[in-house]
Amino acid sequence: MANVTLTINGQKVSVPEGITVLEAAQSHGFFVPTFCYEKDLTAPGACRICVVEIKGMRNLPPSCVTTVTPGMEIETESPAVFEARKTILELLVANHPLDCMTCEKSGSCKLQDYAYRYGVTSPTRFEGDKHKFAVDDSNPYVFRDLNKCILCGKCVATCRAVSDRNVIDFAFRGFNTKIATFMDTELKDSSCVYCNRCVAICPVGALSDKNMTGKGRGWELDKKEVTCTFCDAGCKFDVNYRDGKVVGVTANSAASGRPLCLKGRLGTEFMNNPDKTALPLINKDGEFVETSWEEALGIGPIVEKINALKK
Ligand code: SF4
Ligand code: SF4
Ligand code: SF4
Ligand code: FES
């Protein structure tokens with residue numbers, strides 16, 4: 001693929017033709033905020049937080065849907081860009097609950113981070129009604145508080161990316177627009193399988209993993225990527241540790257990877273279960289009794305032979 005040369009913040013760069021301005025900027029280490037864009041999954045140009053200034057263009061185009069052209073002169077954080085992003089954030093904050101002190105997402109919330117970066121304080125210049133959506137606490141896995149939703153649409157896209165799964169979508173209009181299941185039921189009455197892809201991709205605290213509630217802020221957790229061994233699909237996910245103890249898992253490939261099943265996500269609970277059995281159980285005369293690993297695995301005679309050879 002041929003390269004094109006352009007200028008970003010006064011610096012000449014060379015990037016592959018056909019990529020977006022956002023990708024060009026990010027690939028050279030320039031910060032551009034995003035809400036609705038997710039690599040390999042979405043680029044709807046809906047939230048507008050990624051606007052940049054391009055010489056010769058009258059408006060500020062969203063960088064995630066603008067393709068690079070040779071000689072482009074781009075400013076990623078000019079005064080006009082800064083002001084536009086601040087206004088977008090002020091409009092979002094105007095009808096946002098601002099429960100940051102107790103919100104599960106605090107510290108890893110894009111709205112909170114960007115509000116800080118662009119100097120948005122509350123109350124903003126805009127008066128806004130607050131939503132009064134009922135929170136969905138109907139199931140043991142996903143907690144939904146759509147009052148905090150910024151309608152980026154990434155949950156819809158990631159759910160739809162799995163074939164035959166299309167549990168949620170945009171519903172209603174105007175101020176009442178929300179992400180809803182078919183017939184706007186609670187998740188427990190929908191076809192949701194609790195894969196938590198939507199939770200992993202949500203940029204704010206509208207969706208949270210109930211299994212991880214109260215177990216630590218994002219920055220307090222260490223993460224390690226592992227491959228699930230429960231079945232032969234080999235899903236990858238992040239194991240989250242706090243103070244050396246496993247506190248849960250996060251689907252780390254919500255954009256394009258395999259969905260994580262409940263077994264993979266909740267299997268870690270066995271690790272901290274004080275009642276877990278240290279020995280395998282075997283069915284003897286209709287009852288499960290503890291036995292040795294050799295007997296359970298059917299390798300007792302082999303182990304005996306090896307031990308005899310060692311003598
Ligand atoms: S979603 Fe973000 S901005 Fe909203 S309450 Fe939670 S941490 Fe604060
Ligand atoms: S948990 Fe999975 S199946 Fe349920 S809505 Fe989210 S992405 Fe869709
Ligand atoms: S619930 Fe989260 S991911 Fe879904 S649209 Fe709202 S903010 Fe975006
Ligand atoms: S991230 Fe570009 S429009 Fe939302």
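## Contacts and overall form

Of the contacts in the chain with a separation of 6 or more, 57% are accounted for by residues 24 or more positions apart. The model described here is predicted. Its chain contains eight helices and 13 strands. The radius of gyration is 25 Å, well over the 19 Å that the globule rule gives for 311 residues, so the chain is more spread out than a compact globule.

Taken along the principal axes, the box filled by the C-alpha atoms of the chain is roughly 85 × 50 × 40 Å. Buried residues make up 31% of the 311 residues of the chain.

## The sheet E9-E10-E11

An open sheet is formed by three strands in the order E9-E10-E11, with antiparallel pairing. Strand E9 (222–227) and strand E11 (245–251) stand at the edges; each has a single partner strand, so one side of each is left without a neighbour in the sheet. From one strand to the next, the twist averages 35°.

Six bridges connect strand E10 (residues 236–242) with E11 in the antiparallel sense. Within this pairing, Phe-237 has Ala-251 in E11 as its bridge partner. In a regular strand, side chains alternate between the two faces of the sheet.

Strand E12 (residues 281–284) and strand E13 (residues 287–290) run antiparallel and are joined by four bridges. Across this pairing, Ile-282 stands opposite Val-289 in E13.

The two strands E12 and E13 form a hairpin, with two residues between them. In the turn, Asp-285 has a positive phi of about 55°.

## Surroundings of ligand 1

Ligand 1 is surrounded by 14 residues. The closest are Cys-100, Cys-103, Cys-109, Val-204 and Gly-205. By class, the shell around ligand 1 comprises seven nonpolar, four polar and three charged residues.

## Surroundings of ligand 3

The shell of ligand 3 also holds 14 residues. Here the closest are Cys-149, Cys-152, Cys-155, Cys-202 and Ala-206. The residues around ligand 3 divide into twelve nonpolar, one polar and one charged.

Terms used
Residues are numbered from 1 along each chain as its sequence is written. Chains are lettered from A and ligands numbered from 1 in the order in which they are written. This is a predicted model: local features need pLDDT of at least 70, side-chain atom pairs count only at pLDDT 80 or more; totals for chains, interfaces and linings use all residues. The radius of gyration is taken over C-alpha atoms; the globule rule is 2.2 Å times the number of residues to the power 0.38. A residue is buried if 20 or more other C-beta atoms lie within 10 Å of its own, exposed if 12 or fewer, and partly exposed in between; C-beta atoms are placed from the backbone. Two residues are in contact if their C-beta atoms, placed from the backbone, lie within 7 Å. Two strands pair if DSSP finds at least two bridges between them. A residue is near a molecule or strand if its C-beta atom, placed from the backbone, lies within 6 Å of it. Ala, Val, Leu, Ile, Met, Phe, Trp, Tyr, Cys and Pro count as nonpolar, Asp, Glu, Lys and Arg as charged, and the others, Gly among them, as polar. Axes are lines fitted to C-alpha atoms, for helices over the stretch in contact, and angles run from 0 to 180 degrees between N-to-C directions.
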